[in-house]
Amino acid sequence: MTNTSQIITCKAVVCWKVGEGVKIEEIQVDPPKSTEVRLKMLCSSICHTDITSIQGTPLFKFYPLALGHEGIGVVESVGDEVKSVKEGDMVIPVFVGECKECENCISEKSNLCMTYPVRLTGLMLDNTSRMSCRGQRLYHTLSCATWSEYTVIDVNYLVKVDPSINPAHGSFISCGFSSGYGAAWKEARVESGSSVAVFGLGAVGLGVISAAKMLGATKIIGIDKNDMKREKGEAFGMSHFINPSNSDKCSSALVKELSGGMGVDYSFECTGVGPLLTESLEATKMGTGKAITLGSGTEPYVPFDPFSILFGRILKGSIFGGLKSMSDLPIIADKCIKQEFPLQELFTHEVKLTDIEQAFELLKQPNCVKIVIEI
C-alpha cells in the first residue's frame, strides 16, 4: 500500500460488468474534497443488495462498480469544511443522509432526505468519483464502496460511533440488521400484544424479530426454507417457525393457521423474492393488516394479486427500515454496545478481503447468516 501526493493505492473488490463476478484490484483513492472524508475501513460485511449488484438489478446501472455498502472504518483525512468528525474517529457509512431541514427530515412520515438522498448514480454529490482503476473511473456502490481498504464518503453519509463498539457488529447495523429493526420500530410501529410474520430469516428478518420482541409483540412467526434458521430466530425472540417446504400449503395459509385463521397484524417481506410480496400481504388481517417490503430483488416487475390490497390491507415499501440515519442509528449503536440484542448470532463466517471469492461459496452454506470481511 502506498501513499503518493495524497492519492492512496490500495486493494478493493470491483465488478467490471453484470454477470462477470468480482476481482480484487489495485485502485487509486483520491483525497477527500471539502465536505468529504477518506476512511480506512476496518471491516465490512455482505448484504443481499451486494449480490444483486453483481448479478444485475434495476438499482445499479453503472459499472465498473466498487462494491460494498456495509462496514465500519476510521477517519484517515477530512476535507476543509468537515467539522463533525476528525482523524481517528470511528464512523459507519450510510446510504441515506439526514439534513434535518428538508420536508421529509422534519416530518415523521419518511426517512428519505431530499438534500442527501439515496444516490444510485455511483458518484459523489458533485457527480464525480474518488476511485479509479487503471485510469478508468469506478462507481461507488450506494455512496459507500466499503469493500476497499480505503474509501471516500461525503460527511453527510457518515455516523460517528463510540470506539468501544465491536467492529463486526458495527458493520452489521450499517444496513441489514438495522433495516429490519427499523422496519418494525419506525415503519410498522409494531404495538405491544400484536402479531408479526417475518418472511426470510437473514440479518434483515432477524432485525425485525428483535425489534418486534422489544416492542412487545406476543406472536412472532418466522418463515424460512432453511431449518437451521429456527435456532437463530429463537435467539432474537421468534415464537413460532414455519418451513414452507414441509407443506403443500402456501406460506400465507400456514401463517393464518398459527393466528386463529385471521392472519397477523404486521408482516415483513425480507427476501426480495417476487411471489412473496403477495404472500406477505395475504398473511395479514383483512381490513387492518400491514405489510412492509424490505427485500431487493433482481426483477424490474413482480407478480402481484390486487385483491390482496383491495380488501383494506396496506403494503408499504421501506428503505433502511425508515430510520433517520443521524437521529436513529446512534440509538441502535448504543443498544449494540450495551448488548441488548445478540448480534454475535449473526456472525457465522469471516474472510479476508483478498479471499472475497470464498465468501460467495460460504453464502451457500445453510448455517451462513453474515460474513465479515476483514480489511
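The second largest pocket of this predicted model is lined by 16 residues, of which Glu108, Lys109, Ser110, Glu187 and Gly322 lie nearest its centre; a pocket is here an open set of points on a 1 Å grid over the protein atoms alone, where a 1.4 Å probe fits, with protein on both sides within 12 Å along at least five of seven lines, and lining residues have an atom within 4 Å of a point. Two or more lining residues come from each of helix H4 (176-187), strand S18 (314-317) and helix H10 (325-337), where helices (H or I, at least four residues) and strands (E, at least two) are DSSP runs numbered from the N terminus. The volume of this pocket is about 240 Å³, taken as the space filled by probe spheres set on the points. Its lining comprises 8 charged, 6 polar and 2 nonpolar residues, with Asp, Glu, Lys and Arg counted as charged, Ala, Val, Leu, Ile, Met, Phe, Trp, Tyr, Cys and Pro as nonpolar, and the others, Gly among them, as polar.

Residues are numbered from 1 along each chain as its sequence is written. Local features need pLDDT of at least 70, side-chain atom pairs count only at pLDDT 80 or more, and totals for chains, interfaces and linings use all residues, while side-chain values use heavy atoms, with hydrogens and water left out.

Isoleucine 173 is in contact (heavy atoms within 4.5 Å) with residues including Ile92, Phe320, Leu329 and Leu343.

Ring pairs of Phe, Tyr and Trp (its six-membered ring) were assigned where centres lie within 6.5 Å, with planes under 30 degrees apart counted as stacked, over 60 as edge-to-face and the rest as tilted; the count comes to 10 aromatic pairs. Phenylalanine 177 and tyrosine 181 form a tilted pair, with centres 6.1 Å apart and planes at 35°, and both belong to helix H4, 4 residues apart. Phenylalanine 177 is buried at 0% relative accessible area, buried meaning under 20% with a 1.4 Å probe and protein chains only. Tyrosine 181, also buried, at 5%, makes an edge-to-face pair with phenylalanine 341, with centres 5.6 Å apart and planes at 65°.

Terms used. Buried means under 20% relative accessible area, exposed over 50%, partly exposed in between (1.4 Å probe, protein chains only). Lists of a residue's contacts leave out its neighbours within four places in sequence.
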